[in-house]
Amino acid sequence: SFLNCEYGKNTIKLLRVRREGKKHFIKEVEVCTHLRLTSAQEYLEGDNSAVIPTDTIKNIVLVLAKKDGIQTLEQFTVDICKHFMTTFSQVAYVKTYVQEVPWQRLQENGVPHIHSFICVPDGIRFCEAEQCRNGPLVVFAGIKDLKLMKTTQSGFEGFYKNEHTTLPERNDRILCAELFCKWSYGECRDFDFDCIWNKVRECVLEAFSGPPDCGEYSPSYQKTVNCIQMCILSKVPEVSSFLLNDIHVPACSSQVLVPVETPYGSCTCTLSRKKFLEAQGQVLKVEK
């Protein structure tokens, strides 16, 4: 039999305020940290001597935020993983997930406010890092709950039909999507994570919508997913692998519509660089 006994603390919420004179900077995050120990005696024998309490995990996360700050989500996530792996010999594996509350500095007549902020839900930034003892520290980043819509330049035609098909073909429809994007940086390196995250987000918006004056036609949502992934891998060399999962709701191009949340379609696709797959021992095969 195989035992995988993992535990941790979820939803550790904190707000870090950094003051530079009159100007203030904030980071509000939610942290989940999980550990796997070198033995499972607490599970098998009820021996808790090696167990780091989840309350201690929470306190360590808060102390690290206070001591070192949160320069970027990725660096904070890496710092947490490194702390547990270097401080506790009984930790065999650590995984940390951090997501950020999307606060933006408030602007009044184009002038940035020095200490006021507004929460703008235009996609939630998150990060994940994991490490096994004696193994590499691997970092992932992503965007979730990114809601996008195009009111034309989308269609769906030529699909397979049988006696159960009721969907009409359309060459002009409204396309709404809620995106979950996650990408791998591979082993942890000294990247400009903020810059990369913004580049990826720009690529997603560009590939989904097309040029601002005319857009770009999408023959299927699957093709749009591919365009987003190809755009990112071509423009952001630091990204090794990119996963995109979406919930999409196509609709006809009427002037008045009633939005519905269910049922919805979904599409998940992961596109990776060949060298990334080869490093993981996976076979890359594309049939044309």
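The largest pocket is lined by 24 residues, and those nearest its centre are Ile26, Lys27, Glu100, Trp103 and Arg125. The model is predicted. The space in this pocket comes to about 680 Å³.

Four elements each supply at least two residues of the lining: strand 1 (6-20), strand 2 (23-37), strand 4 (103-108) and helix 4 (193-209). Helix 4 gives the most, with four residues. By residue class, the lining of the largest pocket holds 10 charged, nine nonpolar and five polar residues.

Arg125 sits in strand 6, which runs over residues 124-132. Is Arg125 buried or exposed? Its relative accessible area is 9%. The cut-off for buried is under 20%, so Arg125 counts as buried. Its side chain also has a partner: a polar contact of 2.8 Å joins Arg125 to the side chain of Glu74.

Next, the record. The unreviewed UniProt entry carries the annotation "binding site" on Thr54, Asp55, Phe156, Arg173 and Gln222. Why do these residues not all gather at one spot? They span 169 residues in sequence, and the farthest two C-alpha atoms are 51.7 Å apart, so a single spot does not hold them all. The annotation itself may be inferred rather than shown by experiment.

Arg173 lies in strand 8, residues 173-187. Its relative accessibility is 7%, so Arg173 counts as buried. Gln222 lies in helix 5, residues 221-235. At 47% relative accessibility, Gln222 counts as partly exposed.

Helix 5 deserves a look of its own. It has 15 residues. From first C-alpha to last it reaches 21 Å, close to the 21 Å expected at 1.5 Å a residue. Which residues of helix 5 are buried? They are Tyr221, Thr224, Val225, Ile228, Gln229, Cys231, Ile232 and Leu233. An α-helix has 3.6 residues a turn, so residues three or four places apart point the same way. Among the buried residues of helix 5 are Tyr221, Thr224, Ile228 and Ile232. Gln222, the annotated residue in this helix, is partly exposed.

Methods:
Residues are numbered from 1 along each chain as its sequence is written. This is a predicted model: local features need pLDDT of at least 70, side-chain atom pairs count only at pLDDT 80 or more; totals for chains, interfaces and linings use all residues. Side-chain values use heavy atoms; hydrogens and water are left out. Buried means under 20% relative accessible area, exposed over 50%, partly exposed in between (1.4 Å probe, protein chains only). The expected span of a helix is 1.5 Å times one less than its number of residues. On a 1 Å grid over the protein atoms alone, a cavity is a set of points where a 1.4 Å probe fits but cannot get out, and a pocket is an open set with protein on both sides within 12 Å along at least five of seven lines; lining residues have an atom within 4 Å of a point. Grid points are joined across faces, edges and corners, and a volume is the space filled by probe spheres set on the points. Ala, Val, Leu, Ile, Met, Phe, Trp, Tyr, Cys and Pro count as nonpolar, Asp, Glu, Lys and Arg as charged, and the others, Gly among them, as polar. A polar contact is a pair of N or O atoms within 3.5 Å; within protein, one must be able to donate a hydrogen and the other to accept it, and residues adjacent in sequence count only if both atoms are side-chain atoms.
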